[in-house]
Amino acid sequence: MKCLPHYRGWPVFRNLFQVRRERPELTFSEWTKDLGPVFSVKLFHSQFVVLSSFEAIYEALVTKGNSFSGKPTKNAFRAEVMTDQFSNIVRLQANQTWKKLRLICHKKIKIYDTGMKRIEAISMNMIQFLVEEFKGTNQTSFNPKDVIYNTVMNTMMALLLGKTFSKDEELFKKVMEFEQTLIRALSPSGRGTELDVFPWLRFFGNKTYKTLKRLVELKKQIWEMVMEEASRQDLLLKEGEDDVRLMSALKDALSEEGSGLTEKHLRSVITIDIVLAGTATTSNLLYLFLNIISRHRAVQMKLQEEVDRIIGSDRTVCLTDKGDMPYTQATQFELLRYSSVTPLAMHQSSFEDTVIQGKTVPAGSTVLLNLYHMHHDEDFWENPFEFQPERFLSDDGGLISASHPNRCHLMPFGAGPRVCLGEALAKSRLFLVIASLMQKFDILPGEVSAPCDPRLLEHGMVLSSAPFQIVAKERLLN
Ligand code: HEM
């Protein structure tokens, strides 16, 4: 079989020293110019296939989605340790257990009918807290990281347990430490990859392995705290009351005979797929939004004009306002494109030899989807490093249709059988937070600044902004 385009690299180490390990997607973007949209990268003896263009990514995820819905288990030591031997939705093979777990979670975070009302009620409760915290800063410069994190994490906790936590509570602190350590220790091809390829390095004081051990301990503690809390909440449930908690649905499924589920599935789904994936992505995105918006006064004024016209100041935002607020939706799309918080998506693996854009991706390959490149490809996007919601608007100010090339080239949640489980939830939360903040505040730059250019963001499993401060000035509304 013909080799995929690649750079030779060094003997033994291969491409290890050529890849910017703190931001691999930037190196892969550069290489796309020479190697094309489908190429391979070798780190020691382990090989990845990188797909970069919209056409290649769409062909793999959608047109040939079934061939690419697997998950790699080779050279994946870090994920294996963190996910109880690949027991969560993100890492399970596309089998019956995966289907079952996805279905249970989907039902509980569904975003239509009564599900939508519940998400809306939970989110607005949390947003009320966010607004009060912002007001409490009395227009002084502050870092919004913790309060954003608290708001987003508590939405997940409310869905999971029917209970929220303050930032002084032990569970909150543990989850925050878990997330911040994990997004660095588990990045797809950055630091720590050596442990995937050479697991025996753990016997020689490997730094990433020490971090992994701390993460395993934190995961266990979070799991125990969540279980304890669930039992406490069980006692508070009134006779005949509808139990809508995701935790209860998962526990019921576990106790069904022949379900094929074990405690390790629940432990990894709850801690990683729900608490971690549901919090890390959205909280980093919203944090970045505040950084961006504090420097884009013109965008902010347009958002405020729209929210004032459609909602006014007498009532809170609701999800049904979305359809009447194209500028807010366009800003949300632009935020997802510009920041590309999951730059290399999640690892996929191919079941069989599959031709992508005329190149054969061998069976069993670990595939990285360079969503970052697709979202910043200079051959497609005009001025990709400028924040311009207008690229998602038509000349008459309406939102461009879903079939417009700009919408098609936006795939922040992936696509196909392994599309993000929380897409609808994430989009709804983003809309509610952005519109509510714009209704209440002018967001101005604070005393500490950090770059918001996507090329300068900090690396990890998700991209994030370095610490910064803002001033939240309450708007004087009539
Ligand atoms: C802005 C927010 C979010 C972004 C940008 C995002 C992005 C992604 C991406 C790119 C994937 C991989 C898709 C693929 O491989 O084709 C993914 C998968 C996943 N996401 Fe999200 N996500 C977000 C929010 C959430 C939330 C809120 C949850 C929790 C409810 C969540 C849970 C998951 C899970 C469990 C998977 C694995 C799905 C599977 O393999 O079947 N994500 N996400």
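I number residues from 1 along each chain, as its sequence is written. The model is predicted, so I take local features only at pLDDT of at least 70 and side-chain atom pairs only at pLDDT 80 or more, while totals for chains, interfaces and linings use all residues. Helices (H or I, at least four residues) and strands (E, at least two) are DSSP runs, numbered from the N terminus.

**α4 against α10.** I looked up helix α4 (residues 96-108) and helix α10 (residues 246-255): they pack at about 150 degrees, with their axes 9 Å apart. Axes here are lines fitted to C-alpha atoms, for helices over the stretch in contact, and angles run from 0 to 180 degrees between N-to-C directions. That makes α4 roughly antiparallel to α10. The cut-offs I use are under 35 degrees for roughly parallel, over 145 for roughly antiparallel, 65 to 115 for roughly perpendicular, and oblique for the rest. Which residues meet? From α4 I get K100, I104, C105 and K108, and from α10 L246, A249, L250 and A253. In contact means that the C-beta atoms of two residues, placed from the backbone, lie within 7 Å. By class, this contact has 6 nonpolar, no polar and 2 charged residues. For the classes, Ala, Val, Leu, Ile, Met, Phe, Trp, Tyr, Cys and Pro count as nonpolar, Asp, Glu, Lys and Arg as charged, and the others, Gly among them, as polar.

**α12 against α13.** Next I took helix α12 (residues 297-310) and helix α13 (residues 326-339), which pack at about 140 degrees with axes 8 Å apart. That makes α12 oblique to α13. V299, K302, L303 and E306 in α12 meet Y327, T328 and T331 in α13. I sorted the residues of this contact into 3 nonpolar, 2 polar and 2 charged.

**α6.** Helix α6 (residues 145-161) has 17 residues and reaches 23 Å from its first C-alpha to its last, close to the expected 24 Å. The expected span is 1.5 Å times one less than the number of residues. Is α6 mostly covered or uncovered? I found it mostly covered, with 14 of its 17 residues buried. A residue is buried if 20 or more other C-beta atoms lie within 10 Å of its own, exposed if 12 or fewer, and partly exposed in between, with C-beta atoms placed from the backbone. After α6 comes G162, with a positive phi near 75 degrees.

**α9.** Helix α9 (residues 207-236) has 30 residues and reaches 44 Å, close to the 44 Å expected. I list T208, Y209, L212, K219, I222 and V226 as buried in α9. The buried residues of α9 pack against α3 (77-82), α6, α7 (170-185), α8 (193-197) and α11 (263-295).

**S350.** S350 sits in the loop between β3 (348-349) and β4 (354-356). It is buried, because 23 other C-beta atoms lie within 10 Å. Leaving out residues up to four places away in sequence, I find S350 touching S67, F68, G70, V361, A363, G364, S365 and V367.

**Two positive phis.** Most residues other than glycine have a negative phi. N75, not a glycine, has a positive phi of about 50 degrees, and I place N75 in the loop between α2 (54-63) and α3. N75 counts as buried, with 22 C-beta neighbours inside 10 Å. N138 also has a positive phi, near 50 degrees, and lies in the loop between α5 (113-135) and α6. N138 counts as exposed, with 10 C-beta neighbours inside 10 Å.
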